[in-house]
Amino acid sequence: MFHRMAISALWFVSFFCLHDLAWSVFGSPRILGIVVGGVAAGFFYFDPIHLFSAAPSVAPDVRIDRRLTPTEGTSLAR
């Protein structure tokens, strides 16, 4: 949980600074920087489509495939 909050804060600051640059060049409203930064931080905090979370670990299949073991009646088992 701490990692999500820290990363969200970093994204907020980066988008806020990016908008501050846009404000100084193009003259967009200052309050828009806080809104854009908040939306970016919220997106990275809640991660609605699970882009930034670790993939679930896959348990290995420990069953032996019957095709890989020699059985009676096959031409391979002599």
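Asp20 is partly exposed, with a relative accessible area of 30%. In this predicted model, its side chain meets that of Arg30 in a salt bridge, at 3.5 Å from N to O. The pair links distant parts of the chain. Asp20 lies in helix H1, Arg30 in the loop between H1 and H2, and 10 residues separate them. Arg30 also counts as partly exposed, at 46% relative accessibility. A search of the whole structure finds one salt bridge. Side chains of opposite charge can pair when their charged atoms come close.

The overall fold was examined next. The protein holds two helices and zero strands. Of its 78 residues, 12% are buried. The exposed surface comes to about 7000 Å². Carbon and sulfur atoms supply 71% of that area. Among contacts between residues at least 6 apart in sequence, 42% join residues at least 24 apart.

Helix H2 was then considered in detail. Its 16 residues should span 22 Å at 1.5 Å a residue. The end C-alpha atoms are 23 Å apart, which agrees. Gly33, Gly37, Ala40, Ala41 and Phe44 are buried in H2. Seen down the helix axis, the buried residues fall within an arc of 100°, so they line one face of H2. An α-helix has 3.6 residues a turn, so residues three or four places apart point the same way. The buried residues of H2 pack against helix H1, which covers residues 2–26. Ile31, Val39 and Phe46 are exposed on the other side of H2.

Asp47 lies in the segment after H2, a helix that covers residues 31–46. The phi of Asp47 is positive, near 45°. Which residues does Asp47 contact, leaving aside its neighbours within four places in sequence? They are Arg4, Gly42, Phe52 and Ser53. Asp47 is buried yet has no salt bridge. The nearest side chain of opposite charge is that of Arg4, 4.6 Å away. By the same cut-off, the 3.5 Å between Asp20 and Arg30 does qualify.

Terms used:
Residues numbered from 1 in each chain as written. Predicted model: local features only at pLDDT ≥ 70, side-chain atom pairs only at ≥ 80, totals over all residues. Heavy atoms only, no water. Helix = DSSP H or I, 4+ residues; strand = E, 2+ residues; numbered from the N terminus. Buried < 20%, exposed > 50% of the residue type's maximum accessible area, 1.4 Å probe, protein only. Lys, Arg positive; Asp, Glu negative; His and termini not counted. Salt bridge = Lys/Arg side-chain N within 4 Å of Asp/Glu carboxyl O. Contact = heavy atoms within 4.5 Å. Expected span 1.5 Å × (residues − 1). Arc of directions from axis to C-beta. Areas by Shrake-Rupley, 256 points an atom, 1.4 Å probe, with all protein chains shown as cover.
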